[in-house]
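Hi,

Here is the structure I promised to pass on. Have a look at it, and then read on for my notes.

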Amino acid sequence: MAIVMMFFITIKRKGFLLTLGLAGFLILSYTLYRRVFKITLVGDHNRLMKEPGDFLGALERNEDFCLRFMGNRICQTETAAQCRTRVQRWKKEQEVKEILTKLDQLMPSVTFTDIMTTTSARNSKATILNQKGSYCVGDPLMVRLDLYNYLGERKKYGGDFLRVRIYSSSLGAGASGHITDYRNGTYLVNFTLFWEGDVKVSILLIHPSEGVSALWAARKRGYDKIDFRGKFLNGTSLVYTKCGFVIETNAELCEYLDERDQEAFYCVKPKNVPCEAFVLLTSDNNPITYLTSLEQSLFRRDNIGIEIPQSFGEIRVLSCNRSATMMARDKCRVGMSLPVPSGYALQEVWHPHFCSVSDFSTLDRIQECLKKKKIYLMGDSTLRQWIYYLTEKVATLKFFDRDSDELFKTHVALDLERSTFIQWKRHGNPFVSRKLFSVKDGNYITNEIDRLAGDKDTVIAITLGQHFRPFPMDLFVRRLLNIRRAIHHLLLRSPETRVIIRTENTREMDTDMERLGDVNGYPQNLAVMDIFLGLNVGFIDAWDMNIAYAIYDVHPPDHVIWNQIIMFLTYIC
């Protein structure tokens with residue numbers, strides 16, 4: 001009996017050891033697999049950030065990797081398309097995080113309890129480092145800024161929001177400068193002296209670093225600075241309801257989801273009304289603020305855009321047998337990168353610094369350029385200014401529906417004799433306006449691009465940013481990444497299609513800084529340049545042009561719009 005018992009105990013012990021060994025093997029195999037899977041994805045993602053032009057190739061390699069493991073327990077319940085989609089979404093979220101981290105590192109993070117410790121423009125000073133009696137056209141001008149607070153103490157950190165330019169009022173000339181922030185209260189501004197004559201320097205403190213930090217923190221707080229109101233058609237009557245990107249409620253919601261890009265907008269579902277009855281949308285500022293009363297005091301109009309005193313007067317610039325306009329430069333073409341500054345204004349004419357524009361001084365040349373072109377303007381009202389200006393400039397270009405007074409409807413202009421088609425269509429939500437507009441008349445730019453076959457006569461111009469300023473930055477970054485992917489696919493199927501990216505404009509000094517100020521627009525411009533880097537697109541730096549022209553208006557005057565259009569026409573003809 002004891003022998004039999006010992007036999008069974010031996011068998012059980014062996015079975016236990018075998019089971020334990022098998023379990024250990026499975027755990028080790030799974031751990032190694034997960035490690036390989038993680039290394040492959042993260043490794044390709046790091047390479048993606050170093051080679052932005054190859055982002056789709058890196059993504060496709062990850063998709064291939066995913067498909068090779070379809071038989072594994074991790075993906076065994078997914079189809080190839082589902083697995084590919086999961087990898088795409090993961091990579092996009094990783095890139096969103098990396099871009100937001102970069103921006104966080106650029107923006108200041110400081111607090112204050114006494115307004116006297118914030119940056120004072122009047123106590124600060126500007127000094128020329130390469131001072132001399134006169135300069136030649138094309139010479140650099142280097143200006144050092146030393147910033148102090150209201151107590152007369154030198155600032156020990158950077159992050160101030162500055163606007164710098166050189167100008168000659170009598171010549172209608174201006175240009176921005178390149179700012180280097182040493183993060184210790186000292187800045188270096190580099191100007192290029194593009195024209196001959198007497199030149200003045202303007203250095204404005206738009207907001208102190210403490211204000212920039214407060215605005216950046218407030219922007220992250222949520223989506224409730226704008227109150228969206230949707231209108232649903234219920235028979236012959238309209239029903240109002242709350243809409244937005246994030247709605248905190250226990251009520252049933254209507255979800256309007258773009259499945260591929262995972263962009264969603266919501267409305268509280270009206271009682272006994274289907275979600276499909278959503279027809280109109282409007283919005284207004286929600287009466288909330290994430291700024292303290294002390295922080296708000298920094299954004300009074302008399303504290304915004306203060307000139308920093310200078311220890312120098314006008315700069316004398318001689319020709320020295322040089323002229324910036326005569327320097328040999330290639331014609332502007334897609335694929336060129338933008339320097340800072342990107343150009344200068346002279347006699348109110350814009351001269352790009354990195355390329356030359358064509359002559360469109362006659363109607364014949366404009367018409368010849370537009371002949372047989374299909375031009376799609378995708379964006380906000382600042383891009384709608386282009387189609388308004390062109391229809392006034394070119395008499396043969398007529399609006400298809402000239403009698404409609406709906407600002408946000410799709411605008412189409414035609415020149416039937418020359419087979420010219422120009423369309424402006426507003427971008428998808430967010431679109432902020434107190435005026436009611438049809439939810440069916442706008443669309444995500446990605447979907448509009450996907451519908452185009454493209455060819456040598458197809459042109460797309462894209463601008464967005466102003467309507468994203470009241471919302472957290474990740475919304476804008478995701479939208480840009482989705483647009484980048486759509487552009488890449490378009491250029492794969494039609495390399496001859498031209499795509500032009502126009503940056504957003506600067507705004508008024510007396511605007512609502514927490515929702516719409518240029519501190520919110522500046523990081524968006526940086527994101528645009530970073531995300532579209534490496535694509536074969538053309539850039540029009542409207543932000544830089546506005547600074548050069550000293551424009552503080554979200555809708556610039558006609559001479560600025562015309563100079564933007566000249567660059568656009570140069571790119572496409």
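A word on burial before the details: I call a residue buried under 20% relative accessible area, exposed over 50%, and partly exposed in between (1.4 Å probe, protein chains only). Keep in mind that this is a predicted model, where local features need pLDDT of at least 70, side-chain atom pairs count only at pLDDT 80 or more, and totals for chains, interfaces and linings use all residues. Residues are numbered from 1 along each chain as its sequence is written, and side-chain values use heavy atoms, with hydrogens and water left out.

Disulfides

Taking a disulfide as a pair of cysteine sulfur atoms within 2.5 Å, a search of the whole structure turns up five. For the elements around them, helices (H or I, at least four residues) and strands (E, at least two) are DSSP runs, numbered from the N terminus.

The link is right-handed, with 90° about the S-S bond. It connects distant parts of the chain, 204 residues apart: C369 belongs to helix α6 (residues 363-370), while C573 is in the segment after α13 (558-572). C369 counts as buried because its relative accessibility is 4%, whereas C573, at 36%, is partly exposed.

Another pairs C136 with C320, at 2.0 Å between the sulfur atoms. This link is left-handed, with -70° about the S-S bond. Here too distant parts of the chain are linked, 184 residues apart: C136 is in strand β2 (residues 135-136) and C320 in the loop between β15 (315-318) and β16 (343-346). C136 is buried at 18% relative accessibility; C320 is partly exposed at 32%.

Then there is C243 to C267, S to S 2.0 Å. The torsion about the S-S bond is about 105°, so this disulfide is right-handed. C243 lies in strand β10 (residues 237-244) and C267 in strand β12 (residues 263-268), so the pair ties together parts 24 residues apart in sequence. Both C243 and C267 are buried.

Backbone

Two spots to check for cis peptides: V340 to P341, with omega about 0°, and N429 to P430, with omega about 10°. P341 is in the loop between β15 and β16, and P430 in the loop between β21 (420-426) and β22 (437-438).

R183 is not a glycine, yet has a positive phi of about 65°; it lies in the loop between β6 (178-181) and β7 (186-192).

Cheers
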